[in-house]
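Welcome! Have the model open beside you, and let us walk through some of its helices and loops together.

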Amino acid sequence: MPTRGNWPLPFGFPFSHLFSLLLLAKLLMRFHMSRGILATSIFIFGSGCQLWQPADELALTSPVASPELDILADRLAGEHWVKNRQWDAITSFEVIGKGETNLPLRWRFRNDPFVDLPTESKSATMPAHVEEEFESPAQSNPDSRVETEEPITNTEVPTDSTGNESSNEMIAIHESAKQPAGGSSDSHPANARWDGFWPLPLHDLVSTLERNNFDRDSSRQQLLRQLAQRPDQVGWNAAIVWGHIDPVEAQAVEPILAKLAGSNRVQTEPEKKTSQIDVATTPPARSIPDRLRGFWQDAAPKEVSEDESITTNVMPSDSTRAAAAEAWVRLLSHQPGEPREQFAPAGCILEGSNLPMGVRVELYLGLARWIPPDQIPRLSNALQQTGDGRRPPVEVRRAALQACLIHALFANDTGKRVLRRNSEDEPEYRAELWPESIANAQYDPDGRVRRLFGQWVVSSDYPEALSVLTSQLDDRDIRVREDAMLSLGRMGTQSARATLVELSRKQEEWVRANALRGLAFWGEDAVAFAVRDKSAEVRRTLAEVLSEYPNMRSALLLRQLLQDRSLPVQSQAVASVNQWPEHDALPLYLHGMQEGVWQTRRQCLEGLRSRTEEEIAFPLDASFSERVAAIRALSRRLQISTIDWQELQTSGIADQTINNDSQADIRYHLNTLQNSPMSSPQRDISIEFLQKLAASDVPAIETCLMETTRPQADSLMYESVLPKLSPAHDALKRLKAADVFQRRRAAQKLAVLSRQGSLSPLVVRRMQQALINEQDQLIWRSAMQAISDDGTKEASGLALLAINHSWADVRLVGCRHFVRHGSPAAATSLIPLFSDRNRKVQIEAIRAAGHCRNPIVVRQRQVKPGATVQHGLESLLNHADRDVRFAVAVAMSQLGDSRGIHEMIRLSYSTDVTQRSRIITEMGNSGQSRFVEHLVQLGWTESNRDVKLQIVRALSQLVPADLQPRNLDTSIPIDDQLEIWTLWQQNRRQGLAGISATFTSH
């Protein structure tokens, strides 16, 4: 029976089309058209023109013009493929473990072409300069590239007049490859090639060739389907994007991707025989019979001869070919059959020598999930080393190690491999999976290769894994050492844990912090000891790793970190709580709003508002007792169950910072010493007990001394006991000496001790008492340096003492403390400094007022009747000093004052590039979302690249992460990022207008 669309017409022919044809013929005759035209029309009708195909078949073979299709084609034009520099094998494996089926993409189009796809052309609303074509990664300004540790390859390949690669260029590449291995050998031209064999000598090359002869036993899709028919860059990009989005449905473009990845020339005209892509007729993957020689060889894509098609020598960029290779392997992985049959065409392409490194890298990484690395062509050669130390290009070596790591991770249970074990059982190591040359990576000159080797030895169950990682702990590259500690954690054996515990006791804080990340693989109990660490960076790392363990034990640790002496530690604790489930996070938000410093209280309030989706009112600037009452009312209204911390401690989840029994004993003897007569035996017993305390009891002693004042007991502890147990208290004792040089040395000692760990609240309180009458500027500088990282109320008290000092230098360092740690309570003390005689003090006081976030500093005030009027910031907006006006505008904008915001906007149009950059930076730091639209508008007209970078950074600061453009990528050129923000702002404005219209209509 004839198929539909051929002559004669079958039953069910759509006669509406016939009626249309007859009407057309009648019109032609009316206008005296020739009979030949009518006959031609009838012939087209009878010959089965595709016009007569049903609607569903028409969509597959004949493009339908539409605004969306034109806009999508415009977005897909040009070379816009960029490498995902953040991609790594372990993170990708973890994504698969969460239920994904495909590895994250290594190549991405400059932005998602489907995001905010309008129904009309964007030129109607966008500025003219935004409509211009974006430069491809190959042609963009080199200055716009993001610095990474991986080399960035050029996307253009030199060709001679015949369309082949320049032989001179290849000679230059091989000449450069002969350099020694001392670092320069890793450098190579941006368009370099690696033939897959070098640096193997001839006899090794022949043996390698012999070993490689193995025995072989939806709507967006509709748009991409139509565009993929185009024989140009738009069609290639559409085919790649379709393969990325849905590798199952995109099997129709598999021949196109295969040719892009494996050919030096790509057709720019369709073949005569197959001019369109038809899913229904496109054959599936090319099957490779097992009996044919070689694992890979017989799958080579056939070159189209000149008599079969009209071709033009067009060389796609390396980035396009690499992206096509990644998409192609995805398509092959979704075809039926054994892996060796599925990926035979890709393996055959790897057998060739004339292949861009980017394509070879993508094929290595794509095949590694299913094919053992030792069986991937040329991968073993990528890790070879000549006798004189020469190696293949560093990009290929890194790819080979990543491929081995990928296969090791997915070797067990298709992605469900457990990365760590808690026993000393010897794992099974399968040497036949890995190339023998992989051992060369242990001493590779490139640090990234050595890091990947350390990750591989753990994931592959390498027998000498512990020995390799232990040796990497002394590597010259600090990143290799950090990764080695993390790999010890993934290893999970008791020997690895013992090594990490030993490292956690080292003097260097970065070593202790990275050891903590490794120990975190054993759970929160393994890292709880770090809450007592002197280093704020180690405690911050503890807060970071606790984000992975939402339970009561971790909650108790985070509770302490929310009250930490260091503001960065508190901020990281809030960030970790943000990643916890709502039920566990809400009580900690309440605790942070009650106990934390002002910045922490604000961050916890923002987190609580985000989780509850309510605009909660809370007195951030209120006193402690007022905040406690507000927390109780808030927990009742929101029905949040607060945690009984005391009950947790008594139930076994105890706070390990202080021994509670020791603290009770110390408190008893301090009270006895205070209340007993001078000659009583109880007093003598208490003195003897207190004098026998050890250095480990200092935290408990300080806690008891902070509770209340006991003059007699305090005198004994401060003068006799604590100076012997604590270097900080010994320095405090010497800080009261009559000799100024001795006091200076004591203050410097406190500053040095603060770098090892934050000073305790008791020490800072005693420093304040000791410096009330101090006039030496050097002593004050050292004292303020000792509390520079602390945002506690004790540190604020010392800074308040400093800003009221008679010396301008002391007032200056006091103001800088509040710039770093804003305190609403300190705002009133800063107002008199707005008129300070010293210009630097005046400007720093104004800056500090903005960071204190207390609007009382804006307007003038009179403390009491008859007193001098204190002028606020508004009186300084017209100050004669330009820097003073700038500081006032910034401070008032931070406080949300409209006059300050308008002044900032005015200053952002300055012709001085430095001034514009400073203003935009301060806009980002202000926290005022009202600057967002203005910053986007500035991005349209700004010409200076540094200012553009500041605009993008400011937008990222002001817009919450969950509200930022979904397709924003910091690795793409800065102009592309600004266009993404422009489209985002336009859609946001249209959405707000729609909401306003809806409310108006109702």
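## Where α37 meets α38

In α37, the residues A795, S796, A799, L800, A802 and I803 touch V810, R811, G814, C815, H817 and F818 of α38; contact here means heavy atoms within 4.5 Å. By class, this contact holds eight nonpolar, three polar and one charged residues. For these classes, Ala, Val, Leu, Ile, Met, Phe, Trp, Tyr, Cys and Pro are nonpolar, Asp, Glu, Lys and Arg are charged, and the others, Gly among them, are polar.

How are the two helices arranged? Helix α37 covers residues 793-803 and helix α38 residues 808-820, and they pack at an angle of about 145 degrees with their axes 7 Å apart. Axes are lines fitted to C-alpha atoms, for helices over the stretch in contact, and angles run from 0 to 180 degrees between N-to-C directions. The crossing of α37 with α38 is left-handed, a term for a near helix turned anticlockwise from the far one by less than a right angle (clockwise would be right-handed).

## About the model

This is a predicted model, in which local features need pLDDT of at least 70 and side-chain atom pairs count only at pLDDT 80 or more, while totals for chains, interfaces and linings use all residues. Residues are numbered from 1 along each chain as its sequence is written, and side-chain values use heavy atoms, leaving out hydrogens and water.

The protein has 46 helices and two strands. Helices (H or I, at least four residues) and strands (E, at least two) are DSSP runs, numbered from the N terminus. Of its 1002 residues, 52% count as buried, where buried means under 20% relative accessible area, exposed over 50%, and partly exposed in between (1.4 Å probe, protein chains only). The protein exposes about 47300 Å², and carbon and sulfur atoms supply 51% of that area.

## A second pair: α17 and α18

Now look at helix α17 (residues 447-459) and helix α18 (residues 465-472), whose axes come within 9 Å and cross at roughly 150 degrees. The two are therefore roughly antiparallel to each other; angles under 35 degrees count as roughly parallel, over 145 as roughly antiparallel, 65 to 115 as roughly perpendicular and the rest as oblique. The crossing of α17 with α18 is left-handed.

Which residues of α17 and α18 meet? R450, F453, G454, V457 and V458 in α17 meet A465, V468, L469 and Q472 in α18. These contact residues divide into six nonpolar, two polar and one charged.

## Residues in the loops

The loop between α17 and α18 holds D461, which counts as buried because its relative accessibility is 11%. Phi of D461 is near 60 degrees, a positive value in a residue other than glycine. Most residues other than glycine have a negative phi.

R378, in the loop between α15 (357-367) and α16, also is not a glycine, and has a positive phi of about 70 degrees. At 3% relative accessibility, R378 counts as buried.

Buried, exposed or partly exposed: what is A439? Its relative accessibility is 40%, so A439 counts as partly exposed. A439 lies in the loop between α16 (394-410) and α17. Its C-alpha atom is 9.4 Å from that of Q384, 55 residues away along the chain.

## A covered helix: α14

Eight of the eight residues of helix α14 (residues 344-351) are buried. They include P345, C348 and E351. The buried residues of α14 pack against α11 (254-262), α12 (318-333), α13 (339-342) and α15.

Methods: Accessible areas come from the Shrake-Rupley method with a 1.4 Å probe; for residues, only the protein chains shown count as cover.
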